[in-house]
Amino acid sequence: MSSIAISANNLTRYFGRNHVVRQVSFEIPVGTVTGLLGLNGAGKSTLIKMLMGLLAPTRGTCSVLGVDSTTLNSATRARIGYTIEGHFAYGSMSVRESEQLQSDSFPSWNPTLFQNTIDRFGISPSSRIRTLSRGQRAGVSIALTMSSDPELLILDDPALGLDPVSRRALNETILQFMEDGQRTVLLSSHLLDDIERVTDRVLVMVDGRILVHSSVSSFLERVSIWTCDSSEEPRQLPPVPGLIHAYQAGRRLTMAVVDVDQESQAAMVRICGQSLMRSDSSFVESVVAYLSRSRSSHSFLSKNPPATSTN
Amino acid sequence: MALTIRIVAGSTAPIYRQIVDQITRSVASGELAVGESVPSVRQLARELVINPNTVAKAYAELVDSGFLETQAGKGFFVAKRRQVYSKSERLRRIDESIDQLVNHAVTLDIEPEVIVQRLQQRFEKNLKPAGD
């Protein structure tokens, strides 16, 4: 068996003249949970649809479980669990009926896994799906996807709108799924605290590009936050090597920098003088620094944004 | 004794580091005795609802630094050791003092060469044999 569960090579997709996914390349090893992070519209769902073979790439290739995504047959698809954004379900059915419907198409159906999962979300099998809370409906959708015992699970924003109890149930379900180390999960989410707990790797997508592909811990250790009190009004900053994002609130100038070295430190001292202070960065701060790039003016940033890539 | 580990997401310390630090502290304080077992990777990951690879990374570092040892099929145990803190932890602690020193040097406008030279002198003085 290949030890790479998902790979993308120069994957690119246009909608009309609109560049939605731009030259994305990465590999996801078997046995890992990878978080796909990005603002709405960054290209996450488009990327996932291409992986699932639901959308053809304009350029480049991608494969799942060693099979090119554009040639996936039903046998390979049955080895992949995929939930679309928004947890589609037939509202008029009961939970048990929807299990029967789903299990008919999967010979490897695992009823115990289904039961355990809906238990965790506090769902009774006889409930009508229409009457369930949003969190419980998500639970049904996850249970339906997982109980076919797939090797690869791709979840598009499964935590959207979930309450704290359902979020915990979701985290536990994902972790139990990959406990044997043979299975792989890719999930997109905006809940950064949950991503930090559940995943071991992150992909950060900004404007269609993957800017970060790293383990969670080294990502945290490589990004640092620098602050100083600036005497001047907000202005264009001279270039700082590794600068991810900078913003000014009142007189306080804050800069997030990846892989800080003497050169970038000297550049910051030139901007700030001796009031420059370093602090470590939390996972949320690091991710938000990258995501903020697309919302802010790019004027003080280098043409090629710094990418963080480790294995 | 049952080991209680608490982790928080959103801290500046990565989760694996929080685990390393807490086990290190429990060993240093004697709360965890030599030969005592710690929860398995799977058990701790379940308990804390975190990725098992994160726990495995923390345990690997603790084994590397000699805090834990592994016995095939039996799990992880607190190892007998001399140095209480791991190498990276010792470096982290000394870096804190160095940062203070550097900040001080910058505010007092003292050149790095002077600092290095004086540090060297201190070390030489301290390393002289007793009675000299």
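View 1. Chain A exposes about 13800 Å², and carbon and sulfur atoms supply 48% of it (Shrake-Rupley areas, 1.4 Å probe). The model is predicted: local features need pLDDT of at least 70, side-chain atom pairs count only at pLDDT 80 or more, and totals for chains, interfaces and linings use all residues. Residues are numbered from 1 along each chain as its sequence is written, chains are lettered from A, and side-chain values use heavy atoms, without hydrogens and water. The chain carries 29 positive and 29 negative side chains (Lys and Arg against Asp and Glu; His and chain ends not counted). The centres of the two sets lie 7 Å apart, with charges placed at NZ of Lys, CZ of Arg, CG of Asp or CD of Glu.

**View 2. Overall fold of chain A.** Ten helices and 15 strands make up its secondary structure (DSSP runs: helices H or I, at least four residues; strands E, at least two). The radius of gyration is 22 Å, close to the 19 Å of the globule rule for 311 residues, so chain A is as compact as a globular protein of that length (C-alpha atoms; rule: 2.2 Å times the number of residues to the power 0.38). Of the 311 residues, 53% count as buried (under 20% relative accessible area, 1.4 Å probe, protein chains only).

**View 3. A four-stranded open sheet.** The strand order is E2-E1-E4-E5 in chain A, with antiparallel pairing (at least two DSSP bridges per pair). Strands E2 (18–29) and E5 (67–68) are the edges, each pairing on one side only.

**View 4. The E4–E5 pair of chain A.** E4 (residues 59–64) and E5(A) pair antiparallel over two bridges. Val64(A) has Val67(A) in E5(A) as its bridge partner.

Notes
Buried means under 20% relative accessible area, exposed over 50%, partly exposed in between (1.4 Å probe, protein chains only).
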